[in-house]
Amino acid sequence: MHIMVTNDDGIHAAGILALAEALRVLGTVTVVAPDRERSAAGHSLTLHSPLRVYELREGFYAVDGTPTDCVNMGIHSLLSVRPDLVVSGINHGPNLGDDITYSGTVAAAMEANLMGIPAIAVSLGTFDRQGHFDAAAQVAVRVARQVLANGLPADTFLNVNIPDCAAEDMLPPLITRQGTRSFIGNIIDKTDPRGRKYYWIGSDEPGFNDEPGTDFHAINRRHVSITPLHLDLTNYESIRILGGWTL
Ligand code: MN
């Protein structure tokens, strides 16, 4: 088996190192990841500048692009074989509910899914660098093993969120749906040393709706959350409603 690993926190992040190391029990692992943090890069692709690749050591490629660039570079250029699986993460911080559209971690898995390669995004429920990445990596291995053995349903990739706790304190995985959050964005405006205004998109405490069956509800109770995702954003109910419009 050949597994490609990427992330959006950069190739030096604790999460990707733990993940790459743990996945070696399943096969050959090649890491192709951004050379710096690209969190919240979403599904963006670098089209207006060239990309540079640095092989830091054998099987570890740093790319000066986005997570989506990395998946493209890995699959179409750097890897000698088409991978059997792409695993993205382990993200520092959860990727839940509506937030997943911002996520570079989830987008990397999405990109692999677009290429027809089974893919998993893995995130840990803490932004602390001292989080339980090794325990989370073991969960990722178990999920990856299932995907390699059984495949995934058509047009499906997985968004896995893992509570930040020791393995023995974790509760069994739940298959969940994407939750929702009551987002209260805020913009911080200040003045720079030259007297010019600048703005910074702030992030308030995530206010997720604690609805049973959702990713947030599961991880909030120390369950591993596994959400099957697909790319079709169509609101099918609205097709029916808008069909009644006079246009
Ligand atoms: Mn990140």
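Author: Let me begin with one pair, keeping in mind that this is a predicted model: Asp189 forms a salt bridge with Lys197, and their closest N and O atoms are 2.6 Å apart.

Reader: Is Asp189 buried or exposed, or something in between?

Author: Asp189 counts as partly exposed, since its relative accessibility is 41%, and Lys197 also falls in the partly exposed class, with a value of 47%.

Reader: How many salt bridges turn up in the whole structure?

Author: A search of the whole structure gives six salt bridges. Another of them joins Arg181 and Asp99 through their side chains, with an N to O distance of 2.4 Å.

Reader: Where do Arg181 and Asp99 lie along the chain?

Author: Arg181 sits in the loop between strand E8 (171-175) and strand E9 (186-191), while Asp99 sits in the loop between strand E5 (85-92) and helix H3 (104-114), so this pair ties together parts that are 82 residues apart in sequence.

Reader: And are those two buried or exposed?

Author: Arg181 and Asp99 are both buried.

Reader: What does Arg221 pair with?

Author: Arg221 forms a salt bridge with Asp210, where the closest N and O atoms are 2.8 Å apart. Arg221 is in the loop between helix H5 (215-220) and strand E11 (223-229), and Asp210 is in the loop between strand E10 (197-202) and H5, so the parts tied together here are eleven residues apart in sequence. Arg221 is partly exposed at 35% relative accessible area, and Asp210 is partly exposed as well, at 36%.

Reader: Changing topic to the metal, which protein atoms are donors to the manganese ion?

Author: The protein donors are Asp8 (OD), Asp9 (OD), Ser39 (OG) and Asn91 (OD1), and they lie 2.1 to 2.3 Å from the manganese ion. Their spacing in sequence reads D-D-x29-S-x51-N.

Reader: Which parts of the chain do Asp9 and Asn91 link?

Author: Asp9 belongs to the loop between strand E1 (2-6) and helix H1 (14-23), whereas Asn91 belongs to strand E5, so to speak a link between distant parts of the chain, 82 residues apart. Both Asp9 and Asn91 are buried.

Reader: Last one, about the surface: which residues make a nonpolar patch there?

Author: Ile241, Leu242, Trp245 and Leu247 make a nonpolar surface patch of about 500 Å². Of these, Leu242 is found in helix H6, which covers residues 236-242, and Leu242 counts as partly exposed at 41% relative accessibility.

Note on methods: Residues are numbered from 1 along each chain as its sequence is written. This is a predicted model: local features need pLDDT of at least 70, side-chain atom pairs count only at pLDDT 80 or more; totals for chains, interfaces and linings use all residues. Side-chain values use heavy atoms; hydrogens and water are left out. A salt bridge is a side-chain nitrogen of Lys or Arg within 4 Å of a carboxyl oxygen of Asp or Glu. Helices (H or I, at least four residues) and strands (E, at least two) are DSSP runs, numbered from the N terminus. Buried means under 20% relative accessible area, exposed over 50%, partly exposed in between (1.4 Å probe, protein chains only). Patches are made of residues with over 30% relative accessible area and no salt bridge: like charges are joined within 9 Å, nonpolar side chains (Val, Leu, Ile, Met, Phe, Trp, Tyr) within 5 Å. Accessible areas come from the Shrake-Rupley method with a 1.4 Å probe; for residues, only the protein chains shown count as cover. Donors are N, O and S atoms within 2.8 Å of the metal (3.2 Å for Na, K and Ca); water is not among the atoms, so sites may look incomplete.
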